[in-house]
Amino acid sequence: MEVQVCKILAAMSPEERKSKVMCIDSDLEGSTGLKVIHQQFPDIFVQSGIMERGNFQAAAGFGMDKSKQAIFSTFAAFLEMCVSEMTMARLNHSNVLCHFSHSGVDDMADNSCHYGLNNFFADNGLDEHETTRLYFPADYHQLLKVVPAVFWDHGIRCIFTTRSKLPAIQDEQGKEMFGEGYTFVPGKDDVIRRGTKGYIVSYGDSLYRSLDAVERLRAEGVDVGLINKCTLNVVDDECMQLIGKTGFVLVVEPLNRKTGLGVRFGTWLLERGLAPKYGYIGSTREVSLVAASSSSALLRLT
């Protein structure tokens, strides 16, 4: 993410950059990637300590001006510390681009206190002034398209990334889905595979596992489709109509099963008069891998 941010900053004059952008670190720049921004643009970088609430509050204070953009970053597990400060930031219409690394559960070498599982806690604003957006790209290539597309948007934007590298998502011809020619549109879901029997809806580090399961099922003659929901908290009505008229919808996610996408996606379907068979899979134990790669497990839900 930070590489793309640096490209945006490099295109600005030093005076404009200094007046419009501030980046605040929570003593984790080496782990979250902010170190790149610090090295290239030290004049806009603020080194702070392990005090996420205060750091987010400072970023939101800078971002109160509509022309300014604050950048804040920490581990996703510590997002929960910032929830009340996000509420205050919304009341002030602050612009804060948040990078929450170590999201999900993929290849987490650190202990379980670093798992980012309750990312949807950030989606707690009122509809009246709701501009908060949650983005969890499927791979590095999609991340590169997400950052410039949302950098200058207003409000709070949370971009989630994993600790480990993720496999590149490919189309049916073996080409990168999110490479050359792809344009990220906020709020628009990506159709990875089309199906007639039903659909799996996934994102982040669950998507490549879900794709593996879908390919196995299709090889067995089960025509299952796959949706990548990069924008987690916005409904894509066109996509809902596509998937909701099939036999089933299964949400597969790396986040907490009790607080993630799955607990709301079924309601979104019903609100639109769509009633396929519905289920959702998420993290349920302290050390839990997403159980989406088993074709037999998915078949039991079709």
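## Pairing in the sheet

Two strands are taken to pair if DSSP finds at least two bridges between them, and strands (E, at least two residues) and helices (H or I, at least four residues) are DSSP runs numbered from the N terminus. In this predicted model, local features need pLDDT of at least 70 and side-chain atom pairs count only at pLDDT 80 or more, while totals for chains, interfaces and linings use all residues. Residues are numbered from 1 along each chain as its sequence is written, and side-chain values use heavy atoms, with hydrogens and water left out.

His 99 has Ile 159 of β6 as its bridge partner. Strand β4 (residues 96–101) and strand β6 (residues 156–160) run parallel and are joined by five bridges. Both strands belong to an open sheet of six strands with parallel pairing, in the order β2-β1-β3-β4-β6-β5. Its edge strands, each pairing on one side only, are β2 (45–48) and β5 (133–135), and the twist from one strand to the next averages 15°.

Helix α7 (residues 140–150) lies across β4, β5 and β6 and runs at about 170° to β6; axes here are lines fitted to C-alpha atoms, for helices over the stretch in contact, and angles run from 0 to 180 degrees between N-to-C directions.

Helix α1 (residues 2–10) packs against α7 at an angle of about 40°, with the axes 9 Å apart. The two helices are therefore oblique to each other, given that angles under 35 degrees count as roughly parallel, over 145 as roughly antiparallel, 65 to 115 as roughly perpendicular and the rest as oblique. In contact terms (heavy atoms within 4.5 Å), Gln 4, Val 5 and Ile 8 of α1 meet Leu 144, Val 147 and Pro 148 of α7. This contact of α1 with α7 has five nonpolar, one polar and no charged residues, where Ala, Val, Leu, Ile, Met, Phe, Trp, Tyr, Cys and Pro count as nonpolar, Asp, Glu, Lys and Arg as charged, and the others, Gly among them, as polar.

## The pair α5 and α6

Helix α5 (residues 52–62) and helix α6 (residues 83–91) pack at about 10°, their axes 9 Å apart, which makes α5 roughly parallel to α6. From α5 the contact takes Arg 53, Phe 56, Gln 57 and Ala 60, and from α6 it takes Ser 84, Glu 85, Met 86 and Ala 89. By class, these residues divide into four nonpolar, two polar and two charged.

## The whole chain

The protein chain contains eleven helices and eleven strands, and its C-alpha atoms fill a box of roughly 60 × 40 × 35 Å along the principal axes.
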